[in-house]
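Good morning. I will go through one structure, a few parts at a time. Please have the sequence and the model open.

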Amino acid sequence: TTTGASTTRPSGSSADGKMVRPFAAGSLCMAGGENILSTTSGLTLEQCASECMLSSDCAFADLAAGQGSTGVCRSLRLCSQQQETGASSDVIMKKILRPSFNSPQWMMTCNSPPVMTTRCMTRDLYDEVTQSVMDLFDSLSRTCTVDDCDVADLGGCILRMAGHDFMDFDVKTGKGGSDGCTDMDDDNNAGLAECLYQGEFEGLVSLSDAYKLFCNRISLADFTVLAAQTVMHYLAKGEARDIMGDGFRSNFRYGRTTASEGCKHSIGVLPKPEDSCDGVEHTFVKALGLTWEESAALMGAHTLGRAQQDFSGFRGWWSDKENSRIFSHNYFVSMYAKGWCEELNVNNCTSEKEAAGGCSPKNQWQRCDVLRDEVQHEMMLNTDLCLAYGDGKGGDGVLRSGEDNCCAWVRSNEEKFNMTGVIAANENYFCSVQCGSQVAGTADTFDCLQAHSKQSDRETAACCSFETGRQDCGSSGLGQTGGKGGPAEEAVRRFAEDETYWAKSLLRAWKKVTENGFDDLKSVGDC
């Protein structure tokens with residue numbers, strides 16, 4: 001036991017610097033036994049709170065057997081279940097601590113004990129949740145510049161959380177999946193806290209603002225899935241938006257249980273960009289049970305948002321500033337309608353720091369076509385571009401920046417690799433040159449889709465403008481001499497030319513990955 005504490009520390013932090021968050025009065029967490037933090041009589045609520053902050057074991061505290069606002073400070077630990085009681089002012093705080101595992105449930109705000117499993121979801125409740133997520137985006141600026149895009153950043157972050165949640169599914173044990181839990185201390189999750197609960201942008205908007213409205217009725221596991229599919233639907237356009245709206249609503253089933261005590265099985269399982277398509281195959285194909293087409297469809301979520309160097313070491317947007325705030329097939333269009341070449345050590349990891357274990361070089365892909373330096377910094381990770389292209393060695397190897405000094409591009413006129421729809425989806429531009437425009441210094445035109453030697457030379461120069469001494473990455477889009485493309489080469493092409501085809505593939509993949517590990521889910525309206 002310890003005695004009354006008088007330690008002073010910054011508001012919102014504990015003795016070890018970990019975040020604390022108030023827990024609303026009105027309920028009490030009962031589980032696993034209790035410890036007496038102090039036997040000193042006459043404690044105030046504030047002193048009891050201080051005791052809880054100082055204890056590495058304290059998750060919930062209340063003042064027991066006291067008169068008025070004084071008494072014995074009790075700590076309640078190992079809360080695997082939430083149970084309402086008649087307590088009110090006695091319940092003083094919930095501590096966010098990381099004794100064994102740091103999970104999202106500890107971080108999200110709830111003014112009453114959060115439910116771990118959704119018991120009922122009517123269609124009206126479904127609509128209320130989706131509207132609350134839409135309201136978050138309606139509160140943001142729609143302006144996107146080369147440096148900032150609030151809608152893209154929030155949307156990308158929510159999708160990233162949902163993706164990292166379902167990607168830890170273990171097909172052998174059945175653990176993991178969309179259980180509202182991921183290892184928040186994993187480097188791959190850096191930056192999620194800002195959009196989940198800390199708040200960012202003007203007004204400090206966070207997903208927790210919507211979650212707290214429903215946390216006593218909907219599990220965080222269900223809410224995370226529902227929030228993510230709302231983002232995809234709400235930020236889509238045209239026919240694809242209608243397909244997603246109807247599909248997500250009819251496919252959604254509830255009843256996922258949040259892993260409130262942590263999910264250690266998720267530690268270290270997220271695919272790393274450096275692993276390229278080996279990592280995609282291990283996680284998406286083998287663990288999640290997807291086809292390569294379905295895997296590529298899910299990766300299309302990268303069309304929203306960007307990689308930020310402060311969080312991941314990588315930097316840049318997957319789409320141009322206009323498309324980065326729209327949930328569309330532009331991610332796939334960019335793979336084939338633009339040229340790509342290596343960008344090495346974007347995190348400026350010196351050999352000295354690397355030798356000391358302080359960093360490792362981050363290699364990615366950047367635009368290689370003629371307008372690269374006149375647009376915002378667009379990039380692709382190995383795990384993106386490997387879907388469409390093979391290595392630059394003419395073999396069956398996996399494409400990796402840092403190993404394959406090649407230019408990733410296709411010809412517009414390859415007969416067996418139809419680019420008509422892809423170029424149309426890119427507003428009739430190919431490698432930043434408008435099809436049919438006059439070639440500078442000549443009377444000729446840039447003849448997209450036409451097979452003649454002059455056009456082939458022009459496309460090579462346009463697509464690989466910054467890689468004049470390079471070799472070609474593997475692609476069927478370069479004809480018989482192009483080598484082998486990536487494992488989802490044709491799927492990427494079809495997604496690029498037909499957004500509705502991608503939307504339907506995405507719906508199939510999303511249903512699979514968000515239901516892995518749950519056998520008793522219910523349709524909305526069945527209560």
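In the second largest pocket, the lining residues comprise seven nonpolar, eight polar and nine charged. Keep in mind that this is a predicted model. The space in this second largest pocket comes to about 590 Å³. Its lining has 24 residues, and those closest to the centre are D320, N323, N330, N426 and E427. On how such space is found: rolling a probe the size of a water molecule over the atoms shows where empty space is left.

Next, the helices. Helix α4 covers residues 150-166. Its 17 residues should span 24 Å at 1.5 Å a residue, and the end C-alpha atoms are 25 Å apart, which agrees. Is α4 largely enclosed or open? Of its 17 residues, 16 are buried, so α4 is largely enclosed by the rest of the structure.

Helix α9, residues 276-287, has 12 residues. From first C-alpha to last it reaches 16 Å, close to the 16 Å expected. Which residues of α9 are buried? They are S276, C277, G279, V280, T283, F284 and A287. These buried residues pack against α10 (292-299) and α14 (382-385). Just after α9 comes G289, with a positive phi of about 75°.

Last, the strands. Strand β8 (residues 340-343) runs antiparallel to β9 (residues 364-367), and four bridges join them. Within this pairing, E342 stands opposite W365 of β9. Strand β9 also pairs with β10 (residues 379-380), again in the antiparallel sense, over two bridges. There, W365 has M380 of β10 as its bridge partner.

That is the end of my part.

Notes: Residues numbered from 1 in each chain as written. Predicted model: local features only at pLDDT ≥ 70, side-chain atom pairs only at ≥ 80, totals over all residues. Heavy atoms only, no water. 1 Å grid on protein atoms, 1.4 Å probe; cavity = no way out; pocket = protein on both sides within 12 Å on 5 of 7 lines; lining within 4 Å. Points joined across faces, edges and corners; volume = space filled by probe spheres on them. Nonpolar A, V, L, I, M, F, W, Y, C, P; charged D, E, K, R; others polar. Expected span 1.5 Å × (residues − 1). Buried < 20%, exposed > 50% of the residue type's maximum accessible area, 1.4 Å probe, protein only. Contact = heavy atoms within 4.5 Å. Pairing = 2+ DSSP bridges.
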